[in-house]
Amino acid sequence: SSIILLRGRTLSFLRWPESIDDHAAWRYEEDGGLLIRDGRIIAAGAYAQVEKQAGEGVEKIDHRPHLLLPGFIDAHGHFPQMQVIASYGAELLDWLNKYTFPEETKFANAQHGRRIARLFLNEMVRHGTTTVAAYCSVHKASAEAFFAESHDRNMLNIAGKVMMDRNAPDGVLDTPQSGYDDSKALIAEWHGKGRQHYAITPRFAITSSPEQLEMAGALCREHPDLHMQTHLSENHAEIAFTQELYPWSRDYTDVYEHYGLLGKRSLFGHCIHLSEREADALSGSGSVAVFCPTSNLFLGSGLFDYQRYRTRDKALRIAAATDVGGGTNYSMLRTMDEGYKVIALNGEKLNPFQSFWQLTRGNAEALSVAEKVGTLDEGTDADIVVLDANATPAMRLRMETVGSLAEELFLLQTLGDDRTVREVYVAGRPAKRDMAA
Ligand code: GUN
Ligand code: FE
């Protein structure tokens, strides 16, 4: 069994920080220690205390003066869209037809899928993200490629083969039966294998027939412990087309509701233009609304009203995500920086403790994986990111005037990116260093 002892400034959250002075919401150790055995944190706290439990011969890694946080969690991204990111000039439906669907046809080729899965998880790790809820392409082989790569790295990831059987080119279509069968086979092979989680993944209402959504609902009933992920209320043209395709529905959310797709493990990307009824339905079912700020800005989709959803009578559960390749950056720091600006446009603010809560424990709770990741609590998996607020000349200069942890976190969010990430531990293993080698 391998034991390592990390030293640094440790920060981890217990709950949502009500304000910048709500110190009881987080645990911060100026000289902190994390003792890790077989991929798990077995002791956390003041370094002097943790060191006493370490015993002889443990490998010590000193990260001072850097910050040690739980690895970031990205609640929604598309691994087959690495060569779609930065595609110019279209809103959602045109962007899908012109760039995204043609690109995803390439994933019929298993070798291509393996290459991109490897490069995608490299980018996740380089940017400090240790868990992602990922969409694969429609092709079973793309999900196999993703899970094989994720399993090799011992990452806790959530992923699924996209189900889509209409309104897209033939090269990215399945059928209700093949989508069901392929999903079943992938669940049997990958769900619960090591740290892998399967998500039932109907792309969205426009690209699924009623028969396919029926099948997706059947999968959810047959596997209540699985996640379900899809897109909801992202764009006005999308909403109008959905209403045409499902004329009986009260609204967009009602389509998914009708087929039994709402629930505590259901993740709905975007949720920008929800009516009060729709927000109530999501809230009542415990469903999660996923905030994708860089994507929502890039595709001109709209402004997610984070603070209204969070504070309304029937509050929504919220996660945050890159939505690469509609999203424009792999970094959850860049994502929360853009998120801050979107929230500012709605006349609200998100303080840096709230942001970092969202990136870690908040997303872990939203994805129902907080028992394992998203904190530095004893007994959880050792997925850890090491952040350097002095990583660039501009950051170093600004740090000269920074006098508090809150200011440092806000600087990390505002100027930080992959350069800020000094090391990443995945299940206790230094993943960034290993990847570079
Ligand atoms: N809606 C359906 N598919 C997609 C996708 O790939 N990206 C985004 N942003 N929205 C979608
Ligand atoms: Fe998406």
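Figure 1. Residues 24 or more positions apart make up 73% of the protein's contacts with a separation of 6 or more. Two residues are in contact if their C-beta atoms, placed from the backbone, lie within 7 Å. The protein has 16 helices and 16 strands. Helices (H or I, at least four residues) and strands (E, at least two) are DSSP runs, numbered from the N terminus. The radius of gyration is 21 Å, close to the 22 Å from the globule rule for 437 residues, so the protein is as compact as a globular protein of that length. That radius is taken over C-alpha atoms, and the rule is 2.2 Å times the number of residues to the power 0.38. This is a predicted model: local features need pLDDT of at least 70, side-chain atom pairs count only at pLDDT 80 or more, and totals for chains, interfaces and linings use all residues. Residues are numbered from 1 along each chain as its sequence is written, while chains are lettered from A and ligands numbered from 1 in the order in which they are written.

**Figure 2. The nonpolar core around V290.** The largest nonpolar core holds 132 residues, and A75, V290 and A319 have the most contacts inside it. Such a core is a set of buried Ala, Val, Leu, Ile, Met, Phe, Trp, Tyr and Cys residues joined through C-beta atoms within 7 Å. Buried means 20 or more other C-beta atoms within 10 Å of the residue's own; exposed means 12 or fewer, and partly exposed lies in between. Beyond four places in sequence, V290 contacts A75, H76, L267, F268, G269, H270, A319 and A321.

**Figure 3. The shell around ligand 1.** Residues around ligand 1 include H78, R203, H231, E234 and D323. A residue counts if its C-beta atom, placed from the backbone, lies within 6 Å. Helix 2 (residues 92-105) gives the largest share, three residues.

**Figure 4. Helix 15 and its cover.** In helix 15 (residues 405-415), the buried residues are E408, L409, F410, L411, L412 and Q413. Their cover includes helix 12 (332-345), helix 13 (352-366), strand 14 (384-387) and helix 14 (393-399).

**Figure 5. H151 in helix 4.** H151 sits in helix 4 (residues 140-152). It counts as partly exposed because 15 C-beta neighbours lie inside 10 Å. Leaving out residues up to four places away in sequence, H151 touches K193, G194 and Q196. The C-alpha atoms of H151 and E222 are 24 Å apart.
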